[in-house]
Amino acid sequence: MFGRVKPLDAILATAEKKSLHRSLGAFQLTMLGVGAVIGTGIFVLTAEAAQKAGPGMMISFIIAGFVCAVAALCYAEMASMVPVSGSAYTYSYAVMGELIAWMVGWALILEYAVAAGAVSVGWSGYVVGLVENAFSIDIPDLLVRGPYDGGLVNLPAMLIAGLVTWLLVIGTKESASVNAVLVAIKVAALTLFCILALPVMKMENFEPFSPLGFGGIGAAAASIFFAYVGFDAVSTAAEETKNPQRNMPIGLIGSLAICTVFYLLVAAGVIGSVGAQPVLDASGLGMEPGSRELAAQCAAIGDQAVVCSKEALAWTLREIGWPQIGNLIGLAAGLALPSVILMMMFGQTRIFFVMSRDGLLPASFSKIHPRYNTPHVITIITGVFVALFAAFFPVGLLANISNSGTLFAFAAVSIAVLVIRRREPGRHRPFRTPAIYVTSPLAFFGCLYLFYKLDAKSQMLFVIWAVIGLVVYYAYSRSRSHVGRGSVEVHEMDTDVPPTSVPPIE
């Protein structure tokens with residue numbers, strides 16, 4: 001029915017033959033998840049949500065968070081049952097076949113690499129804003145904005161992408177240790193923001209609550225969904241996790257719960273303290289950040305400028321009388337946002353690593369550094385592309401494109417967990433998705449709804465990317481697939497399966 005399927009036992013055996021070092025525990029995984037989730041979405045894209053939904057972005061956060069929560073429950077079962085690298089790609093391979101798995105892996109490139117570029121741009125906005133406010137200087141836009149954002153090239157964004165690439169080449173454990181420190185800084189900054197902003201909330205700032213109606217709330221949810229993207233990157237670390245059957249669900253669900261609480265508090269602080277009404281164009285619709293028309297309006301609207309700021313939280317604190325603390329928030333974002341870039345690129349390289357190990361990408365992609373024990377070749381290639389994305393595209397566009405790939409992958413996992421539950425009900429599941437026949441459809445249709453609410457440009461780019469992926473698969477990957485060649489080795493495990501070659505299941 002699904003074409004070539006790589007059996008779960010074969011996936012686990014392949015991972016054991018050419019595996020990554022297991023060094024991550026439950027706490028490190030949770031911190032990796034928090035580090036991946038809390039970032040540009042809340043530090044920067046609060047402005048994007050406010051522009052489309054006004055105060056109604058509170059509902060947008062809840063909608064996006066709910067879709068992620070039900071998807072996380074599906075991910076947790078699959079990740080605990082298949083504790084190897086590859087995330088949604090690996091799960092799809094085991095359940096729905098090679099073609100679907102390839103398309104999921106191809107879509108994950110949009111999620112991770114493009115998302116890393118978006119966060120790099122967000123980091124650049126905070127750092128540039130911090131420098132300009134601290135030293136009272138004006139850095140030329142030509143050097144800190146891409147051509148779609150009123151400049152020429154975003155050099156700071158390129159720089160941070162390069163530094164994170166270098167850190168990932170050095171090693172996973174070292175990267176996770178640095179990430180834990182950055183997460184602590186980030187959580188402290190958001191806590192300080194809430195302490196200062198929540199007490200000065202004014203209820204009149206919440207009116208009108210939804211100036212563009214539920215359509216605006218839905219559109220904002222599709223954009224702010226990016227604020228939750230990242231928890232699934234934890235699942236790509238399954239092969240490097242100690243006791244993954246226990247620790248993967250803790251990392252996935254724990255990180256999402258922590259982040260959701262922060263998001264609602266921070267969104268309430270921004271709206272209640274300075275207001276957050278959309279900037280409207282002539283047709284009455286919210287405009288995209290980065291457009292020249294929006295920039296012109298931002299210059300004229302004064303107290304509404306939070307919807308245009310590339311450093312929304314720092315700007316908010318300056319507006320309510322805490323300019324120095326605002327600069328500290330900018331500094332914290334500058335220090336902490338690289339943890340999100342790190343996790344996004346970490347996820348991307350591990351997806352590529354597993355696809356290469358399966359023969360769908362060149363074998364050189366899965367080469368492991370003799371000293372650092374990391375997939376250095378694909379890490380460097382990924383870093384180059386992330387730097388290019390960050391250099392030339394605005395954060396809003398990158399975030400929406402990333403969301404399209406993420407939603408496709410989430411939808412695939414929500415189907416996969418239901419299919420494997422029916423196909424192999426007796427397989428050991430350290431974590432079981434509760435109310436699977438409710439949770440799985442909710443995750444699937446929630447992803448479809450958010451994809452529908454994305455802007456037309458992002459939807460079209462996803463379709464084009466998918467078509468390119470099909471061409472690559474049939475022109476290169478299908479003929480080189482290890483499953484297609486019948487060369488998937490199954491080693492002796494805790495099963496009765498003898499060492500042999502497993503033919504492709506057609």
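This is a predicted model: local features need pLDDT of at least 70, side-chain atom pairs count only at pLDDT 80 or more; totals for chains, interfaces and linings use all residues.
Residues are numbered from 1 along each chain as its sequence is written, and side-chain values use heavy atoms, with hydrogens and water left out.

The protein holds 20 helices and two strands, where helices (H or I, at least four residues) and strands (E, at least two) are DSSP runs numbered from the N terminus. Of its 506 residues, 59% count as buried, a term that means under 20% relative accessible area, with exposed meaning over 50% and partly exposed in between (1.4 Å probe, protein chains only). The protein exposes about 18,600 Å², of which carbon and sulfur atoms supply 68%, the areas coming from the Shrake-Rupley method with a 1.4 Å probe. Among contacts (heavy atoms within 4.5 Å) with a separation of 6 or more, 81% join residues 24 or more positions apart.

Helix 5, residues 57-81, spans 36 Å from its first C-alpha to its last over 25 residues, close to the 36 Å expected at 1.5 Å a residue, the expectation being 1.5 Å times one less than the number of residues. This helix is mostly covered, with 20 of its 25 residues buried.

Two packed helices are described by the angle between their axes and the distance between the axes. Helix 7 (residues 98-135) and helix 14 (residues 312-319) pack at about 30° with their axes 10 Å apart, the axes being lines fitted to C-alpha atoms over the stretch in contact and the angles running from 0 to 180 degrees between N-to-C directions. Helix 7 contributes Tyr126, Gly129 and Asn133 to the contact, and helix 14 contributes Ala312, Leu313, Ala314 and Arg318.

Thr382 lies in helix 16, residues 376-392, and counts as buried because its relative accessibility is 4%. Its side chain reaches the backbone oxygen of Ile378 at 2.8 Å; beyond its neighbours within four places in sequence, Thr382 is in contact with Met345, Gln348, Thr349 and Phe352.

Tyr449, found in helix 18 (residues 436-453), counts as partly exposed because its relative accessibility is 29%. Leaving aside neighbours within four places in sequence, Tyr449 touches Phe214 and Gly218, and its C-alpha lies 8.5 Å from that of Ala222, although Tyr449 and Ala222 are 227 residues apart in sequence.

Methods:
A polar contact is a pair of N or O atoms within 3.5 Å; within protein, one must be able to donate a hydrogen and the other to accept it, and residues adjacent in sequence count only if both atoms are side-chain atoms.
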